[in-house]
Amino acid sequence: MLKLDKVDTNYGVVAMLRDVSFHVGEGELVCILGPNGAGKTTTFRAISALLPLAKGRIEIMGRELSSLRTEALSGLGIGFVPEGRRLFADISVRDNIRLGYEAQGLKADFADRLDEMLTLFPRVRDRIGQRAGTLSGGEQAMVALARALVGKPKLVIMDEPSLGLSPKLIDEYFDTVAEVNRRGTTVVLIEQNAETALSIANRGIMLVKGRVVASGTAAELLGSDAVRHLYL
Ligand SMILES: Nc1ncnc2c1ncn2[C@@H]1O[C@H](COP(=O)(O)OP(=O)(O)OP(=O)(O)O)[C@@H](O)[C@H]1O
Ligand SMILES: [Mg+2]
């Protein structure tokens, strides 16, 4: 579904990602871990074609990324949950989710798909007509995920979606992400919360200062010095 091969990116003259390689197979749930400033969002931006590569290549669903524009990615069946959620505060929850649907090139059957999302996120149902900016942080996190999932993407990529949620809500949120994965969606989950992310992931990749310092199965990472030293 996704393959990064020796990717470098720069911010002006500043080096950020260096020699980053990893792959995500169909049906997997892979988490990308790392401390603040490690390059997680930079990786997200590179994958979403928002940032040019200085070196290396990215393949997404069998296509080379450099041949695609960001808008075309949604049409391929990829859902994005960006850092900070980026909801449109002044329009309704329903319209925010509708925009995710239309971004995937879909129009018909929105009502049915919306209803499916509201079954997955029952807390959002009562808020559907409300302006998104008036929702609580936890509710906004669910709307951002619903917006990414409403078009039934094959792959969903999330950048710290649980930030700011209470421990109880984080558990609920991660249960939902695991359920989405069990139903067949491949998931790339960027997280700082290593223990919780690894508890639902098949595999993980750990970034520090723009480089991959550890990768492996969830169990391997939980036992690795790099992860234990930084997190546990
Ligand atoms: N537009 C930019 N210009 C210059 N430097 C940038 C730019 N965007 C990010 N950086 C730098 O690149 C580094 C990696 O940033 P990035 O946002 O990828 O980190 P992150 O792992 O997502 O961190 P966090 O967990 O805090 O979100 C940081 O040192 C940051 O200051
Ligand atoms: Mg970030």
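Two strands are taken to pair if DSSP finds at least two bridges between them. Helices (H or I, at least four residues) and strands (E, at least two) are DSSP runs numbered from the N terminus. The model is predicted: local features need pLDDT of at least 70, side-chain atom pairs count only at pLDDT 80 or more, and totals for chains, interfaces and linings use all residues. Residues are numbered from 1 along each chain as its sequence is written, while chains are lettered from A and ligands numbered from 1 in the order in which they are written.

**View 1. Strand S10 and its parallel partners.** Strand S9 (155-159) is joined to S10 (residues 186-191) by 5 bridges, and the two run parallel. Within this pairing, methionine 158 stands opposite leucine 189 of S10. Strand S5 (residues 29-33) is likewise parallel to S10, with 5 bridges joining them; here leucine 33 has glutamate 191 as its bridge partner.

View 2. Because 6 of the 6 residues of S10 are buried, the strand is largely enclosed by the rest of the structure. A residue is buried if 20 or more other C-beta atoms, placed from the backbone, lie within 10 Å of its own. In a regular strand the side chains alternate between the two faces of the sheet. In S10, Thr186, Val188 and Ile190 point one way, whereas Val187, Leu189 and Glu191 point the other way, and all are buried.

**View 3. The β-α-β unit.** S9, H7 and S10 form a right-handed β-α-β unit. Right-handed denotes a clockwise path from the first strand over the helix to the second, with the strands pointing away from the viewer.

**View 4. The contact between the domains.** An automatic or database domain assignment gives domain 1 (2-77 + 154-231) and domain 2 (89-153). Their C-alpha centres lie 23 Å apart. The contact (C-beta atoms, placed from the backbone, within 7 Å) takes 15 residues from domain 1 and 12 residues from domain 2. On the side of domain 1 that touches domain 2, helix H2 (70-75), strand S9 and helix H7 (167-182) each supply at least two residues; H7 gives the most, with 4 residues.

**View 5. The shell around ligand 1.** The residues around ligand 1 (C-beta atom, placed from the backbone, within 6 Å) include Tyr11, Val14, Met16, Lys40, Thr41, Thr42 and Gln192. Helix H1 (residues 40-47) gives the most to this shell, with 3 residues.

How values were computed: Contact = placed C-beta atoms within 7 Å. Buried ≥ 20, exposed ≤ 12 C-beta atoms within 10 Å, placed from the backbone.
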